Amino acid sequence: MNRFAASDDMDPLLRSLRNGLVSDRLGRESHKRLNPDWVESALSEASSFIIPVRGEDSLFYRKPEPRAALFPAPAVRERITALDNLVYLGHHRGEDFFAISVYETVNAIPWELLDEGLAFDSLWSTGMLIDQFEASLLAYARGMCYWHHRTKFCGACGGDTRSERAGHMRVCANEQCQSIYFPRTDPAVIVLVHAGEHCLLGNKSSWPENRFSTLAGFVEPGETVEQAVVREVKEETGVDVNTLEYHSSQPWPFPGSVMLGFHATATRQEITLLDDELRDARWFSRSEILAAKAGTGWLRLPSRISIARRLVEDWCQTQ
Ligand SMILES: [Zn+2]
């Protein structure tokens, strides 16, 4: 059976490119990171742009329709003395893109260039309203700026670290230490468990009581990704699964993960909430999912930006 034939290709790569916050248009061109002279010259080019990240928020134009706010690189470069908070992201159609954490470099942004209607807001809530390429840039920028923020100090000796390779490496400034740190992303599994005409969704206590989503959790040291799927489902709901089927992945910079998406078949359907992760977990029929997708009924599905929504909808379209 071609499980995804109704909605998508069987190729996980093609499936992943349909996920929110994903695009294949950016060339990361990692060789450029090794050349500080190139970075400096690129920052003086009108074809270079800088994406500001403030804490957990990205900057958006609100009108006439939502879009990401990008600044001309030269206007930012002339305001900053050091490039410690600057990250080279990549290249697309003659343009180069950088990110900067303005949480720590608040004077770097040429605010006078801003139009009205700009606002910092969550990528999570606004990401599906903007161009997919822009959303992928903001996700990349957010993940990198978060990593820089959390790696200011050396984990080995506590000393200051400095940015290298256009923001893709940090090195301990302590001559006796010189530990090296690379950007990291934490693997997490996310799974749609199904049994015949029903699928299993959970509700967290921090969510509205009618919002349900797929089960998810971090991969722990010493286990495989597949073992993490089985363990998370068991821990959160008491349900046993087998026959894992890899779906696709999604960068999830909230704050620093990559989600590895699966479908799994339940072999034991009785629900027992074994830990405090979930307030509720239930089996939903395919017709209930379809009603929620159509905006009727009481059930609220996960955001369209998330791979969770893709996992649910692709299961729903299988025959
Ligand atoms: Zn150190």
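The legends below describe close-up views of a predicted model.

Residues are numbered from 1 along each chain as its sequence is written. Because the model is predicted, local features need pLDDT of at least 70 and side-chain atom pairs count only at pLDDT 80 or more, while totals for chains, interfaces and linings use all residues.

**View 1. Confidence along the protein chain.** The mean pLDDT of the protein chain, where pLDDT is the predictor's confidence in each residue from 0 to 100, is 92, and 95% of its residues reach 70 or more. Over residues 1-7 the pLDDT is below 50, and this stretch has 11 contacts in the model beyond near neighbours in sequence; two residues are in contact if their C-beta atoms, placed from the backbone, lie within 7 Å.

View 2. The domain assignment, which is automatic or taken from a database, gives domain 1 as 21-150 and domain 2 as 185-316, and their C-alpha centres lie 32 Å apart. Contacts link 10 residues of domain 1 with 10 residues of domain 2. On the side of domain 1 that touches domain 2, the largest share, 5 residues, comes from helix α5 (residues 132-150); helices (H or I, at least four residues) and strands (E, at least two) are DSSP runs numbered from the N terminus. By class, this side has 7 nonpolar, 2 polar and 1 charged residues, where Ala, Val, Leu, Ile, Met, Phe, Trp, Tyr, Cys and Pro count as nonpolar, Asp, Glu, Lys and Arg as charged, and the others, Gly among them, as polar.

**View 3. The largest nonpolar core.** This core has 39 residues, and those with the most contacts inside it are I51, L89, F98, A99 and A141; a nonpolar core is a set of buried Ala, Val, Leu, Ile, Met, Phe, Trp, Tyr and Cys residues joined through C-beta atoms within 7 Å. A residue is buried if 20 or more other C-beta atoms, placed from the backbone, lie within 10 Å of its own, exposed if 12 or fewer, and partly exposed in between. Helix α5 gives the most to this core, with 9 residues. Leaving aside its neighbours within four places in sequence, A141 is in contact with I51, V53, L89 and A99. A second, separate core of 36 residues includes F212, V229, L260 and V312.

**View 4. Strand β15 and its two partners.** Strand β15 (residues 257-268) pairs with β11 (residues 186-195) in the parallel sense over 9 bridges, and V189 stands opposite L260 in β15; two strands pair if DSSP finds at least two bridges between them. With β14 (residues 240-252), β15 pairs in the antiparallel sense over 10 bridges, and H263 in β15 is the bridge partner of E245. A hairpin of 4 residues joins β14 to β15.

**View 5. Helix α8 and its surroundings.** Helix α8 (residues 307-316) is largely enclosed by the rest of the structure, because 8 of its 10 residues are buried. Among these buried residues are L311, V312 and W315, and the buried residues of α8 pack against β11, β12 (198-203), β14, β15 and α7 (286-293).

View 6. Strands β8 (residues 161-164) and β9 (residues 169-172) pair over 4 bridges, with R170 in β9 as the bridge partner of S163. The hairpin between β8 and β9 has 4 residues between the strands, and R165 in the turn has a positive phi of about 50 degrees.
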